[in-house]
There are 2 protein chains.
Amino acid sequence: MSERDWISRYFAPLATAPGAAGLRDDVAELSGGDGRLIATTDALVEGVHFLPDDPIDTIARKLVRTNVSDVLSKGALPEDVLLTLGWPNSRPESEIAAFASALGDDLETFGARLVGGDTVRSRAGLFLSLTLTGRCLCEHPVRRSGAAHDQDIWVTGEMGAACLGFEALQRGECDSPHVAVYRVPRLQPVSAAHLIANHASAAMDVSDGLLGDASALGEASGVGMKLALEEIRFAGKATDIDTMLRLATWGDDYQILFTSEKTRRETILADADDAGVSVARIGETSQKTGLSITWRGEAVNLPETLGFEHG
Amino acid sequence: MSERDWISRYFAPLATAPGAAGLRDDVAELSGGDGRLIATTDALVEGVHFLPDDPIDTIARKLVRTNVSDVLSKGALPEDVLLTLGWPNSRPESEIAAFASALGDDLETFGARLVGGDTVRSRAGLFLSLTLTGRCLCEHPVRRSGAAHDQDIWVTGEMGAACLGFEALQRGECDSPHVAVYRVPRLQPVSAAHLIANHASAAMDVSDGLLGDASALGEASGVGMKLALEEIRFAGKATDIDTMLRLATWGDDYQILFTSEKTRRETILADADDAGVSVARIGETSQKTGLSITWRGEAVNLPETLGFEHG
C-alpha cells in the first residue's frame, strides 16, 4: 500500500476538523487562527529524499524549500518553523553548525523564523521534519478544489531540472548545472504568493510530477485537465515526447500549478512580470474529467505512471 | 556534545522571534496568533524513546502525551496536530491501523485534532514527530522563567513510575503495573491547564527527571530551588534516599512542576481537588540560586547527574 493510501485509509478519518480538508490538501488551517493561519509538515529521510553524500547545507535548504513551496502555492507567506532533527551518531557533529547556518540563511530568504523543535538521536540515517506556519493573503488558503471548467491552467518555472540533476549524479556527472537544482529546489520568489492569492481559483505545488499533480488538482476540483506539452517549459533541451513525459512525471520541481479565469490572462502575465515570477499557460480545464495531454494538437498517450512516489 | 548544547549553540541564535523564547522553553508562541496560540514539537525514535517491541498502540499514545504534557504545563489546552510518521519497511503495515486508531483515541481524550502531516519511508526504525498547537488560558503561556524567591514549589502526580516500569522490562517482568506507565505516560487531566493558568508563576513539564527539571526552572527564573524529598510522592515504595534520587533523576514522568505564591496554598489544594488533579507541595524557592535537597530537614548530597538525556 502506498503512503497516499495509508493517509486516506487510516489517518483521514481522524481529520474531522474543517480546516484539515480531510488531509487531501497541502496545508491545514489552524483552529487557533482566523482562517488565514495555515500549517504544513514535510519530512526528508536520508536515502529516500536526499542522497547520503549530498552536502549538509543543501539538505537544510531542501527541507526549508519543500515546506515553503507548499505555503506559497496556497497564496500565503511563510511565518514560523518548528524543526525536528534526527541526527545519527555516524554523522560528524561538525556538520550541525553548517546545517544550522544554511537553515537560518534560507529561512531568512523566505521570511520565516525558527521558533521551536526537537533534536533527537537517530539510530540510522539523518531524518528531518519541519512544520511551517503561513499567513494567507486571502481569507483562506487557495485549495486544490477550486477550479471550474473552461479555466486556464498555469505553471511557474520549468519542469524536470531536478530529474536531470538526479540522473547526472547517477552517472557521476557532479558538475551538471541541474545537480544544484536537484539538491536545492529553485523556488519562485515569495511574491508568487500574491499572484496566487490574487488570481488562482485552485493551486498546489508541483512536487510529485506535473502530470500526477495536475491529475490530483483536477480530481479535487471535479474538472478535466487538458495539457499542451509544447507550452510546458522543460529543463535541458527536451525535444522528444518521451523525454518530456519523463520530466513531467519525476517530481521534485517545487513549482506552482494553478488555474484561473481566462479573462485574467493579461493581468496574470503583467503581475507575474512585476513580481519576477516566471509563468506559462499550459492548458485548460474541461467539464469532462480526467487528464489528457496533447502535442501540437495531437493526443498523446498517458504514461503508465503519472507521478513519483518516494518509495 | 549533548542535544541541549547543540540547541543553545547552533539553533538558539536563529530563534530571534520573541515568541521563540530563545528555544529555552517548552513551547513557542506562534506569530500568527494573538499571543495565546502556542506550538510544540516532540519526536520519538525507536530504540531511543521506546523499545522496538513496545506495542504500537502504546507508542501512538506516548507520542500524543509527550506533546500534550508540554501544552498543559504552560496553562494551555491542546488544539491541532501535524504528524510525521517515518515507517520502516520491516514493520508490518497492519500495525498502521492500530497506530492510527490509538492516535485518534488519545487525541480525542485530550481534545486535540489531527489536521495534517507527512508519512515517509524510514530506512531503519520507526520514527515519529508530532507538532501540537495549544490555546493558552491566560494571555501568554506560563514560562519557566516566572518564579520569584520565597514561593512554593509544587509537582503533580507521582515520580518514577516510568523508571520502575523500564527497569521491570529490563528484568523481563512484563506484568509489573509500572510497565504500562513507562509505555503510556499517565498525564493529569486537561483541567490541570486551568490550575496552572490560574496559579502558577512558572511551570514546565517534568520529562527529564525532577531534579534536573527543577534545576532548569530555577535557572530560567534566577531563583534557588529547595526540595524536601519526604514531600515528593514516589512510585513504588521508595523508602531509602538512593532509590528516591534514582526515581527523581530518571525522567519520563510527564507531570507538571510549578511555582506559586505561598498565599495561594489553600486555593491551589481546593482547585486541584475540584479539577481531579493530584498535587504535592515539595519545596520552596530561595534568593540564593542553585538546587538543594533535604530529607526531613537534613541536607542531602546531590547526585552526580540530575536528569536524563536520551542518548
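Predicted model: local features only at pLDDT ≥ 70, side-chain atom pairs only at ≥ 80, totals over all residues.
Select strand β8 (residues 224–228) of chain B together with β10(B): 4 bridges join these two strands, which run antiparallel, and B:Gly224 stands opposite B:Ser286 in β10(B). Residues are numbered from 1 along each chain as its sequence is written, while chains are lettered from A and ligands numbered from 1 in the order in which they are written.

Strand β10 of chain B covers residues 279–286, and because 6 of its 8 residues are buried, the strand is largely enclosed by the rest of the structure. Buried means under 20% relative accessible area, exposed means over 50%, and partly exposed lies in between, with a 1.4 Å probe and protein chains only.

Next, stay in chain B and colour the open sheet of 5 strands, whose order is β1-β2-β5-β3-β4 with mixed pairing. Its edge strands are β1 (28–29) and β4 (113–122), each of which pairs on one side only. Within this sheet, strand β2 (residues 37–45) and strand β5 (residues 127–136) of chain B pair in the antiparallel sense over 9 bridges, and B:Leu130 in β5(B) is the bridge partner of B:Asp42. In a regular strand, side chains alternate between the two faces of the sheet.

Now move to chain A and select residues 32–135, where UniProt, in an unreviewed entry, places the feature "domain: PurM-like N-terminal". UniProt positions are given in the numbering used here, with feature names shortened, and the annotations may be inferred rather than shown by experiment. The end C-alpha atoms of this span lie 12 Å apart, and the span is 32% helix and 39% strand.

For "binding site", the unreviewed UniProt entry lists A:Asp42 and A:Asp70. These two span 29 residues in sequence, yet no two of their C-alpha atoms are more than 9.1 Å apart, so they gather at one spot. Both A:Asp42 and A:Asp70 belong to the lining of the second largest pocket. A:Asp42 is found in strand β2 of chain A and is buried, with a relative accessible area of 17%.

Another "binding site" feature from the unreviewed UniProt entry is placed at A:Gly117, A:Asp118, A:Arg144 and A:Ser207. Spread over 91 residues of sequence, these residues are also spread in space, up to 31.3 Å between C-alpha atoms, and the lining of the second largest pocket includes A:Arg144 and A:Ser207 from among them. A:Gly117 is found in strand β4 (residues 113–122) of chain A and, at 37% relative accessibility, counts as partly exposed.

Display that second largest pocket next: about 1,200 Å³ of space lies in it, and 49 residues line it, of which A:Arg4, A:Ile7, A:Asp25, A:Arg144 and A:Asp208 lie nearest its centre. The elements that give two or more residues to the lining are α1 (3–11), β2 (37–45), α2 (56–72), β7 (202–206) and α7 of chain A, together with β3 (76–88) and β4 of chain B. Of these, β4(B) gives the most, with 7 residues. By class, the lining has 20 nonpolar, 13 polar and 16 charged residues, where Ala, Val, Leu, Ile, Met, Phe, Trp, Tyr, Cys and Pro count as nonpolar, Asp, Glu, Lys and Arg as charged, and the others, Gly among them, as polar. On a 1 Å grid over the protein atoms alone, a pocket is an open set of points with protein on both sides within 12 Å along at least five of seven lines, a cavity is a set where a 1.4 Å probe fits but cannot get out, and lining residues have an atom within 4 Å of a point.

Finally, select helix α7 (residues 210–221) of chain A, whose buried residues include A:Leu210, A:Asp213 and A:Leu217. Just after α7(A), A:Gly222 takes a positive phi of about 70°.

Definitions and conventions: Heavy atoms only, no water. Pairing = 2+ DSSP bridges. Points joined across faces, edges and corners; volume = space filled by probe spheres on them.
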